[in-house]
Protein chains: 2
Amino acid sequence: MGKSDLKTKNDRTSRLLGLLRTEEHWTTHHLASELNISHRTLMRDLEELKKAGYPIEADRGRGGGVRLNGRWGIERLNLTNKEAISLLLSLSVTEALTEQSNDFGSKGLKQKISTAFPENQLKVINELRKRILIGKLASDSVLRNCNRVNGKIWDDVILAFFDSKRLKFEYCNENTIMTSREFDPHFLLLNWPVWYLLGWDYLSDEVRIFRIDRIRTISMTNQVIIRRARPQFIHAYESYFTNL
Amino acid sequence: MGKSDLKTKNDRTSRLLGLLRTEEHWTTHHLASELNISHRTLMRDLEELKKAGYPIEADRGRGGGVRLNGRWGIERLNLTNKEAISLLLSLSVTEALTEQSNDFGSKGLKQKISTAFPENQLKVINELRKRILIGKLASDSVLRNCNRVNGKIWDDVILAFFDSKRLKFEYCNENTIMTSREFDPHFLLLNWPVWYLLGWDYLSDEVRIFRIDRIRTISMTNQVIIRRARPQFIHAYESYFTNL
DNA sequence: CTTAATATGTCATAAGTTGACATATATTTA
DNA sequence: TAAATATATGTCAACTTATGACATATTAAG
């Protein structure tokens with residue numbers, strides 16, 4: 001029956017949360033009998049959940065009961081590096097869409113998800129978030145000649161971005177001239193639906209921007225990238241941001 | 001010191017997860033001494049975590065040890081209706097971007113997040129996901145005359161969409177002619193960065209699409225929407241999807 | 001002012017957790 | 001192939017925690 005056999009306290013707790021997440025009206029006695037435990041024990045369980053930070057509220061007196069405020073929830077999520085960054089990309093993209101057009105609670109969501117990461121990961125997460133930029137829409141001319149990004153190349157880009165590692169790649173510019181680049185990826189930039197890599201290029205010894213779909217071959221080095229001041233990057237390619 | 005005082009088993013377990021999430025190399029004896037528990041107990045803790053679904057792997061023999069595969073994780077997330085749908089929108093948007101350009105692990109992410117919702121919410125979540133559509137980019141002409149969506153209006157749209165409730169609103173079309181509509185919202189459609197509502201309009205008794213930023217006043221009714229076959233909606237407004 | 005609800009305290013006992021010890025199994029290294 | 005170093009698992013007495021029964025306080029609605 002149901003999700004668990006109620007063998008351990010933890011299982012019972014998650015069953016309790018399940019019950020609270022249904023929209024029904026629960027009294028503590030009702031819950032206790034549903035879970036086959038004494039009323040006292042149920043009250044202790046609720047106390048624990050509250051202490052653990054669950055938004056559980058109660059009304060005393062006739063017609064009272066207990067309720068869980070955030071009824072939609074995720075209990076636990078284990079993410080790989082790639083998935084963590086995907087989630088960040090998702091949130092950044094939606095955030096941009098939100099700022100520009102409307103607020104639909106994703107501000108709170110962003111905050112919640114950010115703070116739901118364990119403390120020791122928070123710093124990295126926030127650092128990465130700042131380095132994902134959402135610019136304007138791709139222009140028609142770009143749109144007309146953009147390609148699918150090769151999966152392996154995207155993976156390396158993402159991993160290097162995640163780990164702050166220097167990249168080596170061969171790039172094919174708009175005139176189909178190939179160059180070999182050494183490059184510190186500082187920012188990921190989206191001009192929907194085209195992704196760019198903004199950073200320091202060692203061939204020109206300058207700030208440069210590269211379209212990821214124009215990278216032909218790539219390899220990640222072990223060299224940690226040298227951080228440089230943020231403004232120079234943003235200013236150098238302001239035109240990519242303007243109309244959003 | 002640290003996050004917890006290790007007073008209860010649960011605290012210890014979360015400390016253990018914290019240790020595993022650092023990228024360090026851990027042997028079980030190392031972990032046991034770090035947590036001030038016997039080796040046997042540590043092995044039991046690991047066993048429990050594995051049973052609970054954590055991707056913990058171990059190598060026997062010299063140089064062996066234990067490791068947690070998804071090192072980036074969220075322990076728990078409580079969401080309101082609005083936040084849950086924001087998360088879904090986020091994922092849908094990114095998913096669309098992904099399908100079109102590349103795979104960066106967000107397929108796995110989508111799956112993970114979806115299955116991380118408790119069973120009783122899964123059905124609703126998946127049902128909603130199917131009703132979020134990502135189309136092509138907004139055309140220049142649309143882009144030039146689109147407005148910010150009023151927050152209250154967006155909230156009502158989202159809530160009605162979430163709860164499958166009929167809407168009443170006043171709509172201002174391209175010729176600035178106002179009409180009063182009764183409307184069953186079946187699909188949310190994004191032509192980045194413009195959101196549409198696709199559904200059944202009772203004024204014309206037909207499938208219709210409305211730009212959300214052109215809704216002037218709105219109210220949600222208690223009437224549950226009447227489900228209709230999906231194809232008629234999609235076919236009626238195919239031009240909104242084409243180039244993606 | 002009665003009834004129905006949550007909230008909290010106490011204590012004997014039931015249930016679960018722990019560490020010590022033993023042993024099995026897998027892998028690397030010499 | 002033997003030694004060393006890991007994880008993996010079983011058992012049991014001692015220990016710790018969780019539980020239910022009972023009591024009582026507190027709050028709100030009718």
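Predicted model: local features only at pLDDT ≥ 70, side-chain atom pairs only at ≥ 80, totals over all residues.
Visitor: Hi! Where does Thr28(A) come close to a phosphate oxygen of DNA strand C, and what is the distance?
Guide: Hello! In it, an N or O atom in the side chain of Thr28(A) is 2.2 Å from a phosphate oxygen of DNA strand C.

Visitor: OK, and how many residues surround DNA strand C?
Guide: There are 24 of them, and the closest are Thr28(A), Arg12(B), Thr41(B), Arg44(B) and Arg60(B). Among the atoms of DNA strand C that come within 4 Å of the protein, 64% belong to sugar and phosphate.

Visitor: Which elements give two or more residues to the surface near the strand?
Guide: From chain A, they are helix H2 (28–35), helix H3 (39–51) and strand E1 (56–59). From chain B, they are helix H1 (9–21) and helix H3 (39–51).

Visitor: And which one gives the largest share?
Guide: H3(A) does, with four residues.

Visitor: How do the residues of that surface divide into nonpolar, polar and charged?
Guide: Three are nonpolar, eight are polar and 13 are charged.

Visitor: New topic! What rotation superposes chain B on chain A?
Guide: A rotation of 180°, with 0.0 Å of shift along its axis, and the RMSD is 0.3 Å. That is how a two-fold axis relates two copies.

Visitor: So which surface do the copies meet through?
Guide: They meet through the same surface, because 98% of the interface residues of chain B are also interface residues in chain A.

Visitor: Let me pick one residue. Where is Arg67(B)?
Guide: Arg67(B) sits in strand E2 of chain B, which covers residues 65–68. Its relative accessible area is 31%, so Arg67(B) counts as partly exposed.

Visitor: What does Arg67(B) touch?
Guide: Leaving out residues up to four places away in sequence, Arg67(B) touches Pro55(B), Ile56(B), Glu57(B), Ala58(B) and Asp59(B).

Visitor: Which of those has a side chain in polar contact with the side chain of Arg67(B)?
Guide: Asp59(B), and the two side chains make that polar contact at 2.8 Å.

Visitor: Last one: how far is Arg67(B) from Leu42(B)?
Guide: Their C-alpha atoms are separated by 14 Å, and the two residues are 25 residues apart along the chain.

Technical notes: Residues numbered from 1 in each chain as written. Chains lettered and ligands numbered in written order. Heavy atoms only, no water. Near = heavy atom within 4 Å. Polar contact = N/O pair within 3.5 Å; in protein donor to acceptor, adjacent residues only side chain to side chain. Nonpolar A, V, L, I, M, F, W, Y, C, P; charged D, E, K, R; others polar. Least-squares fit on C-alpha atoms with pLDDT ≥ 70 in both. Contact = heavy atoms within 4.5 Å. Buried < 20%, exposed > 50% of the residue type's maximum accessible area, 1.4 Å probe, protein only.
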